[in-house]
Structure formats: C-alpha cells, structure tokens
Amino acid sequence: MAAVRRSTAELTTFREAWDAALYGPDGFYRRERPAAHFRTSVHASELFGQAVARLARAVGASEVVDVGAGSGELGRVLRSEGLEVVEVELDDSLPSTAGLVIANEWLDNVPCEVAELDEDGVPRYLLADWSLGDVVEGNDLAWLETWWPLAEPGDRAEIGLTRDQAWADVVGRLAPGGVAVAIDYGHVRAGRPPYGTVTGFRAGRECDPVLDGSCDVTAHVALDSLGGSLVMQRDALQALGVSAARPSLELAQTDPLRYIAELSSAGEAAELLDPSGLGGFGWVWTAADEAAVRRASRALSA
Ligand SMILES: C[S@@+](CC[C@H](N)C(=O)[O-])C[C@H]1O[C@@H](n2cnc3c(N)ncnc32)[C@H](O)[C@@H]1O
C-alpha cells in the first residue's frame with residue numbers, strides 16, 4: 001500500500017522526532033546509561049582503552065578528548081594509563097585540542113533524515129510516523145546522489161549529512177599535531193544496505209526503533225562520507241598490539257594464574273577483533289597536519 005504523503009510542515013520529520021526521542025528534555029540519553037542497553041568496545045574490555053592509550057602516545061598526545069563519552073568507561077582506563085582526559089557529553093562544548101580525539105559509537109546516535117523512493121522513483125523524507133513527506137532536495141539530495149543513490153521504489157537511505165557535519169565540527173577543532181578518530185559500525189558506498197539500518201536497542205536487546213524515548217535509536221554510519229582514512233577496528237587494534245593469541249599450555253603448568261589471566265585477555269581480544277562483530281567496525285581518522293598524519297598512519301598500519 002502506498003504511504004500517505006503529508007507535508008513536513010504538518011508532521012515532524014524522522015530526524016526531528018529521533019532527536020527529541022534521544023535528546024529532548026526527557027529523552028533516552030537524558031535518563032539512561034549506555035551500558036544498561038548495549039555493549040560497546042569500552043564495555044567489552046580494558047584492552048580497547050589500553051590500545052587507545054598506545055595510539056595517543058604514538059601520536060604524541062598527552063590529552064584524549066572522548067566525544068560522546070557515555071559513563072566514562074574509556075576515560076577511566078586512559079587516566080590509569082597516565083593520560084589527561086576530557087569527556088564531552090550532551091551540553092558540553094567541544095574543546096580545541098592538539099591531542100587525540102576519540103568518538104566511539106557516537107555518530108550512529110547523531111539523528112539524520114531518512115529518505116525513501118516513492119512509487120514514482122522520487123526520494124521523499126520519512127516522517128515521524130513512518131509515512132512519506134516532502135521531496136528531498138538541496139544539500140540532502142546532493143548527499144544522497146553522491147553517497148547513497150536509491151535505485152528502486154521502497155528503497156530507503158539514511159542521509160548522513162548531519163553526521164558529516166558533526167564530524168567536521170570535531171575535526172575543525174584540531175590544533176596542529178591533533179588526531180581525531182571516529183569509531184563506529186557502518187558501511188561504504190560499495191555496500192550500502194537497500195532498506196536503511198535504523199534500529200532500536202533496549203535493555204541489551206535489539207527492538208523496534210520507537211521514537212518515544214523508550215529506547216536507543218541508531219543507524220549505521222556512512223563511513224566514507226565523513227572524509228579521512230578508514231581502517232577496520234580489527235586491523236587498527238592489531239597494529240596497536242592487541243592479540244587474541246592464546247597462551248601456551250606449558251604456561252598452564254608453570255604459572256597457572258598467569259595462564260588463566262592471559263587466556264581471559266585473549267578471549268576479550270577475540271571479541272574486540274571479531275570481523276563479524278566489533279572488529280568489523282570502522283576507524284575513520286584525520287590528522288591536523290602532515291607530521292601528525294605520518295605518526296597516526298604508522299601507528300594504525302600493521
Ligand atoms: C552509544 S553511546 C556511546 C558511549 C561511549 N562512547 C561508549 O563507547 O560506550 C553515545 C553517547 O553519545 C552521546 N552524545 C550524543 N550526542 C552528543 C553530542 N552532540 N555531544 C556529546 N555527546 C553526545 C550520548 O549522550 C551517549 O552517551
């Protein structure tokens with residue numbers, strides 16, 4: 001059945017409703033802790049933070065800015081590694097820094113417009129009630145045509161412009177020497193999903209993305225449109241020394257406690273490196289100047 005077409009003037013767009021659901025006065029992220037609803041790399045293992053600390057040292061950063069810091073789990077590890085940490089959460093302003101900026105699973109929570117091709121092949125905005133509204137135009141249309149062209153009626157795409165702008169704002173605050181890394185689940189132009197990726201999470205389970213503040217609402221990030229270099233988390237973490245190699249059985253005989261600790265660490269590393277899970281996330285990085293590019297590139301290449 002064809003969707004009822006309304007004007008966006010009458011009904012709020014998907015992005016506006018998404019924004020209110022997460023960040024409005026009683027929005028999801030005003031009340032909830034991320035760890036209560038989903039598991040990110042910072043919850044999976046301290047090995048992640050230790051690798052970020054090695055990256056900070058490799059690029060000569062004494063300060064790490066954690067954008068979308070949630071409950072600060074990453075910061076705790078980084079401080080224990082001797083780094084200064086600035087946590088940026090809702091209502092904080094972004095600082096300028098010559099250090100390392102990390103945004104782990106932030107951009108997937110930056111609300112964006114969603115477009116769908118109607119039965120005549122025209123891209124229209126999805127509205128808060130999932131009906132179709134006005135024709136997509138202007139910068140949103142240019143973004144769609146460049147980054148996520150829709151092919152068939154019913155095809156749907158998340159317009160990544162708001163994520164690109166949010167990331168450009170972060171990158172624009174890098175002082176000489178600074179490096180910024182956005183880490184997220186996402187896709188590139190060669191492999192966009194045809195029906196979009198908007199989904200919800202509540203209490204550890206995937207759920208319908210209801211826009212009433214009762215659940216997290218997220219969509220994969222168009223990693224290539226952010227600009228910068230892209231490396232898979234698996235490769236980045238391995239380059240930073242994270243290894244899932246299991247300890248030798250001989251160690252079990254000679255030092256059983258160390259064997260158990262190394263086995264547990266190898267299990268945590270395997271979760272961070274799993275190519276069908278966290279290891280398949282993208283690290284999109286940018287550096288402020290040529291010297292910083294060289295340092296980051298060396299640290300993040302195997
Ligand atoms: C999925 S959580 C990730 C939390 C943490 N980085 C982690 O890896 O567990 C996204 C976080 O981004 C925060 N956030 C969303 N928009 C933001 C903004 N404009 N500025 C700062 N933080 C924001 C949310 O409040 C939430 O804590």
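How far is the sulfur of Cys207 from the closest cysteine sulfur? The gap is 3.9 Å, to Cys215, too far for a bond. This is a predicted model, where local features need pLDDT of at least 70, side-chain atom pairs count only at pLDDT 80 or more, and totals for chains, interfaces and linings use all residues. Residues are numbered from 1 along each chain as its sequence is written, and side-chain values use heavy atoms, leaving out hydrogens and water.

**Cysteines**
- The whole structure holds 0 disulfides (a disulfide is a pair of cysteine sulfur atoms within 2.5 Å).
- For Cys112, the closest cysteine sulfur is again in Cys215, 15 Å away, too far for a bond.
- Cys112 is buried at 0% relative accessibility (buried means under 20% relative accessible area, exposed over 50%, partly exposed in between, with a 1.4 Å probe and protein chains only).
- Cys207 is also buried, at 18%.

**Helix 4 and helix 10**
- Glu46, Leu47 and Phe48 in helix 4 meet Ser265, Glu268, Ala269 and Leu272 in helix 10 (contact means heavy atoms within 4.5 Å; helices are DSSP runs of H or I, at least four residues, and strands of E, at least two, numbered from the N terminus).
- The residues of this contact divide into 4 nonpolar, 1 polar and 2 charged (Ala, Val, Leu, Ile, Met, Phe, Trp, Tyr, Cys and Pro count as nonpolar, Asp, Glu, Lys and Arg as charged, and the others, Gly among them, as polar).

**Asp289**
- Asp289 lies in the loop between strand 15 (282-287) and helix 11 (290-300).
- Asp289 is partly exposed, at 25% relative accessible area.
- Asp289 touches Pro176 and Gly177, not counting residues up to four places away in sequence.
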